[in-house]
Amino acid sequence: MREKTKALRRRAYEALSYSKEDAAVDKQDRKKTLPIYLACLKPSWKYIVIFLFIILVDVALEIMIPFMSGLLIRYGIEGYGALTPSGAPQPLIVGGGLDQPAMASVWLYGGIMVACAFCAIFFQTVGMKMVAILSSDFVERLRNTIFGKAEELSFSNIAKFPVSKLTTMLSNDCNNIRFFVLMFIRMGAKQGFMILFCFAFIFSLNWFIGVITVPLTILSFAIIMLIIKKTRPEFIMTQTAIDYVNREVEEDTDGVREVKAFCREGHMDEKFAEANENLTYVTYSSVSKMGLSSAITTFSINVTIGLIQLLGGFSMINTANGNELWQLFNNGNPLFDAGELSMLTSFAALLTLAFSYMTMLFQYYGRAEASKERIDRLLSEKIDILYNPKEREEGFDPDSLSSGEVEFDNVLFSYVGDPKKPALGPISFKIAEGTTVGIVGGTGSGKSSLVNLIPRLFDPTEGTVKVGGHDVKDYSLKALRNDIGVVLQNNLLFTGTIRSNIQWGKKGASDAEIYEALDVAQASDFVNSFADKLSTPVTQGGRSVSGGQKQRLCIARAVIKKPKILILDDSTSACDTDTSARIHSQLRNKLKGTTVFLIAQRIDSVKDCDIIFVLDNGALVGKGTHEELIKNCKIYQEIEEIQRKGVD
Amino acid sequence: MENYSNGFTAAGKGPIVNDVQIEYSCGKEGYQEVTATYSKRRQGYGKPKHSWKSLLRVMSYLGPDKWLFVLVTFITVGMIFINLFSAFLAAPLVDAVLQPAVYSISGNWLIGGSAQGYYAASLSHQLPLYGWLFNLIDWNAAAPWEQAFALTGIIIGCMMVVYVIGFLLSTAQVYLMTRIGSSSLMRLRNDMFDKLQKLPLRYFDQTPHGDTMSRFTNDVDALAQLFNTGIMEIFTSVIMVVGVLIFTFLVNWFLALIVCIMELIAAVIVSINVHRSVGAFSETQVSMGEFNGIAEEVLSGLKVVKCFNKEEDMAKLFKSIDYVHTLHNRRSVFLSSCNIPIVNNINNMATAITVMIGAVLIVTGADWGFSVTAGTLLSYVVFMRMLARPINSISNLLTAIQASLAGAERIFQMVDQPQEPSLQEAKWRSYKADDGKFYWTNGTEQKPVRGEVEMNHVCFSYLPGQKILDDITMYAHPGQKIALVGSTGAGKTTITNLLTRFYDIDSGEILIDGINLKDIDRVSMRRSMTLVLQDTHLFSGTIYDNIRFGHLKATDAECEEAAKIACADSFIRKLKNGYNTFIDAHNASLSQGQRQLLSIARCAVSNPPILILDEATSSIDTRTERLISKGMENIMKGKTTFVIAHRLSTIRYADCIMVMDHGRIIERGNHEQLLALKGRYYELWTGKAELD
């Protein structure tokens with residue numbers, strides 16, 4: 001059993017590692033992100049003010065009630081409210097009628113208690129409403145901010161933040177924070193006041209007892225702090241473990257066809273079970289340690305109360321007994337009398353309750369802090385593709401591409417940021433506006449990397465990419481996105497309808513415009529064959545249409561923009577030769593003046609291009625028209641030959 | 001959207017703090033704007049029933065831990081006894097021991113005149129243990145205070161021991177209960193995942209992935225708090241409440257009844273609230289799943305989102321769901337928490353009312369068959385104080401219970417989805433024997449998997465009424481290469497979906513080696529096939545892991561061999577860590593063609609008798625395609641292969657080519673026969689017709 005637990009622990013710690021370096025980074029992030037959280041909280045300041053007022057009233061009532069119940073006992077039941085002629089308390093006289101003096105105290109204090117309880121219900125309910133709104137709103141802002149930041153991430157940034165992690169952040173982590181904020185405001189403020197008040201009362205009653213309670217309280221809090229410090233990495237690991245569980249589910253749903261086709265259900269089950277087991281272990285480890293803290297506080301408060309009673313009892317008896325040592329100690333007075341002792345005990349009980357809430361709060365804090373740390377990482381992540389467009393000036397509008405002319409000046413690009421391991425380049429060329437550029441080359445030769453640099457999906461590692469004579473970095477995001485149409489290799493449609501997906505390219509495009517784009521993409525026929533035409537629902541990723549249909553819809557989505565530069569990255573691979581030929585000829589006819597980059601596997605597709613680039617291992621090994629290349633580019637000749645003869 | 005602030009809430013964009021744009025809520029206007037533009041996205045699971053049964057069902061996951069659970073229950077009962085014991089021991093200490101001791105020292109019994117008189121006059125003597133404690137001391141002895149002194153010491157000493165025991169017990173309880181709780185949730189999650197695997201493809205196509213993910217994490221998490229600490233705390237509190245109520249009944253049934261009525265009123269109010277807030281909680285969880293779905297979709301398609309400058313629009317969409325979520329959140333939090341003031345204060349109210357009614361009973365001297373004295377009232381005040389804490393924690397935990405109910409419901413909603421039709425009646429299974437070959441077995445008989453595929457009059461539609469395949473009949477000899485040609489939407493991929501039994505046919509029959517597909521265990525049947533898809537999905541893991549997906553027991557060398565066949569070896573070696581390079585499912589650095597090469601390697605390593613290649617080489621350049629064609633030939637040798645490709649050159653040498661159109665096979669034959677037919681295929685081959 002022990003061995004097994006150890007093995008579990010080792011595996012979980014390995015899989016979810018949280019190192020000292022991580023902790024140091026987190027510490028740095030904390031300073032940067034605190035103002036962000038405050039800014040998210042700020043719009044709710046009115047609620048906070050109202051709430052603080054309510055808390056004060058609430059605490060007053062909360063303390064009033066035990067006080068009143070004490071008075072009810074003393075004056076009503078025990079009869080101190082109505083003294084006998086000899087000065088002794090006169091309890092209720094059995095059968096003495098309703099108008100006896102003690103009854104007045106019963107009515108008075110009982111009535112006040114009921115009234116207080118009603119007031120407390122009212123104020124507390126209003127308070128609860130405030131807290132509910134406050135905490136939910138705060139996290140709504142935080143979540144929106146996180147989502148906004150996540151969308152800004154560039155593709156090299158996003159490698160650090162897998163989707164499964166980001167979704168955990170948006171839901172689970174935000175929820176942890178929300179819960180802590182909720183509990184902190186709801187209980188922290190009130191119990192804080194309560195603790196202060198109880199201590200003030202205890203000290204005012206007897207400083208000596210106060211002196212006893214303080215170190216014990218401090219000791220137990222010190223232990224709890226230690227536990228929190230110890231468990232902190234585990235709380236962060238818990239969240240990481242949730243990421244992994246999330247990832248396994250995501251992969252299983254994304255790759256369900258592969259999983260089923262290869263009968264890998266068992267294998268996926270195993271992978272999931274491992275992630276699940278790690279999560280279970282760190283949760284168990286951290287939650288149980290945290291749970292220990294409430295046992296510790298209960299114990300220490302109990303001991304404190306015991307000590308108060310012991311001391312009180314001894315002091316009473318010893319003082320009455322005339323013990324010299326004791327009289328020396330407290331001027332011959334008992335530390336407190338019986339009444340005070342029971343009061344102290346009941347306040348100590350209140351204190352217990354307050355402390356047990358506080359420890360609960362610490363547990364929530366542990367999780368919330370871990371979550372915050374993770375969110376901090378995202379919020380303080382430096383976006384490496386920043387848009388700082390140049391000022392508008394004579395002949396240059398940063399919001400619109402000057403022309404479709406594209407120039408690469410000694411451009412080198414590496415996915416790992418290392419010029420020695422380039423995926424592309426160094427490469428230089430200049431393309432005039434309206435040119436159709438075909439790009440061919442082997443798998444992994446850098447074709448996609450080349451076109452990705454134009455709309456700044458990536459920034460070149462070295463050199464500059466110019467569009468219309470200006471560095472692409474001088475343009476605003478708007479210019480690059482609106483004036484460049486991109487059809488990616490592995491393209492996606494989004495949940496919605498065909499119409500809503502095409503409208504991605506042009507907001508509010510009319511059906512006529514949409515059909516025009518669909519015509520260019522050779523897609524209107526099959527769209528019309530659907531019963532719901534443009535309103536046909538599309539599921540996530542576009543799996544509800546076939547591969548070739550999806551590609552054509554993606555082309556239509558880009559074409560409807562009427563871009564100055566159109567990039568087609570192997571975007572007709574699932575369409576047959578003739579369809580793609582027709583698409584290409586339509587593009588040439590309908591999009592005159594548009595610079596087109598056309599990546600294709602088939603020579604047929606690029607044959608008619610104004611200029612063809614041949615890439616091999618990231619280098620530009622051939623440039624020219626089909627006729628030229630056929631004559632002088634070996635690789636191009638080879639490709640052409642294979643395709644002419646067919647594969648066999 | 002302009003910034004505006006509407007009284008208490010801020011909407012629109014906030015300031016930019018440390019390079020981060022603060023995004024406020026979209027506000028009602030923003031929400032309405034989005035709902036007007038976007039169609040409704042939510043998938044219907046039917047209305048949640050808010051059935052408490054689902055919580056009980058969660059309890060069934062205690063499984064092997066149930067004896068441990070019983071142990072914890074015993075520990076908890078022990079703790080309750082300790083609590084009651086120390087409470088009842090501590091309460092009378094002052095009145096029963098210390099005060100009389102002080103009187104006995106002075107010799108002046110201010111109350112009652114003597115020890116016996118004091119006992120009779122003391123109002124607290126109705127408390128449990130009071131008399132026992134008082135009479136432990138012989139008050140007529142010479143110096144009773146010395147006994148009292150010793151007794152106080154002993155009592156406090158006892159209490160300390162009890163506290164230590166209590167501490168140990170509660171530590172044990174915490175550790176055991178978290179262990180039980182976390183491993184029960186682990187079992188629940190494993191069960192969910194297991195179930196997820198058995199769901200039909202339709203479920204995955206229709207449900208946003210993020211929503212499914214949310215069920216695994218957020219909804220299970222909603223259960224966690226209840227499971228880890230909640231159950232025992234509720235148990236403790238309920239027993240404490242019941243225990244104290246029993247004492248109140250023993251002392252005076254009439255007053256106890258009043259207390260019960262008051263608590264009952266509170267319970268009624270609470271249950272109304274609970275009913276309303278459970279609805280709000282389940283809305284909260286649902287909307288959380290919803291924005292999780294959007295976030296997952298948008299962030300995994302971020303490249304496209306960026307290309308179309310849709311960040312702002314997607315953020316708006318996200319915000320609108322977040323807005324709804326926040327409204328539900330506010331409501332659920334408020335409704336569940338407004339129980340707390342009611343429950344807590346009803347206790348105070350009950351104290352006051354009991355005392356007042358009791359006082360009236362005393363002073364009017366009504367004789368209802370029981371006696372009420374001032375002492376009775378005092379003991380009631382003590383009882384009510386004891387009730388305060390457990391009631392308080394019950395009301396706090398109600399929130400957790402409601403949240404977990406909402407979570408549990410969403411979990412079981414998924415678990416209860418109809419799964420792929422049962423495998424129970426399957427007569428045949430396939431298995432891979434030690435000699436590396438595949439065999440069919442129905443328990444008594446066994447025969448090798450040869451790969452003979454026959455489809456007779458198969459009809460199929462994804463949606464009722466829209467026929468995708470119409471009366472398809474075809475036959476593939478073992479080892480034949482069958483090509484499917486046709487325009488998109490002709491039903492080529494559908495045929496492969498039926499062969500792999502991702503979907504079940506409407507009518508007709510499919511036979512493999514003469515066995516009806518319906519009689520074959522779905523999972524084991526797939527084991528004898530390999531599918532290479534156009535959109536290759538890679539899994540997070542190393543390149544080795546991904547290739548090995550085709551055959552888990554493949555050695556590193558075998559994986560490399562397969563990669564060489566697929567021509568993937570050269571690019572893999574150029575990666576940072578070669579075959580051990582970790583790739584992420586959404587990783588951008590592998591091109592589509594490279595992914596397809598890996599997928600072919602995966603197929604090469606698995607080596608089953610039936611192969612289905614659905615546009616498997618569409619993104620691979622022709623040069624590479626030629627390079628791998630030799631390898632492919634080797635892979636396909638002796639296997640029944642179905643090939644879908646639009647490059648006619650790829651399928652030219654197929655044994656049989658089926659030309660499909662609108663769900664029917666219009667021509668069939670080999671390349672030469674079809675050319676001689678001068679039909680559609682001829683037109684395609686000579687470029688006279690277009691495939692669309």
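Guide: Chain B holds 24 helices and 19 strands; helices (H or I, at least four residues) and strands (E, at least two) are DSSP runs, numbered from the N terminus. The model is a predicted one, in which local features need pLDDT of at least 70 and side-chain atom pairs count only at pLDDT 80 or more, while totals for chains, interfaces and linings use all residues. Residues are numbered from 1 along each chain as its sequence is written, and chains are lettered from A and ligands numbered from 1 in the order in which they are written.

Consider the overall form. Along the principal axes, the C-alpha atoms of chain B fill a box of roughly 130 × 65 × 50 Å. The radius of gyration of chain B is 38 Å, whereas a compact globule of 692 residues would have one near 26 Å; this radius is taken over C-alpha atoms, and the globule rule is 2.2 Å times the number of residues to the power 0.38.

In the interior, 52% of the 692 residues of chain B are buried. A residue is buried if 20 or more other C-beta atoms lie within 10 Å of its own, exposed if 12 or fewer, and partly exposed in between, with C-beta atoms placed from the backbone. Asp513(B) counts as buried, with 21 C-beta neighbours inside 10 Å. Asp513(B) lies in the loop between β11 (507-512) and β12 (515-516) of chain B, and has a positive phi of about 50 degrees although it is not a glycine. Most residues other than glycine have a negative phi.

The largest nonpolar core has 347 residues, and among those that touch the most other members are Ala566(B) and Ala601(B). Such a core is a set of buried Ala, Val, Leu, Ile, Met, Phe, Trp, Tyr and Cys residues joined through C-beta atoms within 7 Å. Leaving aside neighbours within four places in sequence, the contacts of Ala601(B) include Ile547(B), Ala562(B) and Ala566(B); two residues are in contact if their C-beta atoms, placed from the backbone, lie within 7 Å. Of the contacts in chain B with a separation of 6 or more, 74% join residues 24 or more positions apart.

Finally, there is the meeting with the partner. The contact takes 170 residues from chain B and 168 residues from chain A. On the side of chain B, helix α7 (residues 144-198) gives the most, with 24 residues.
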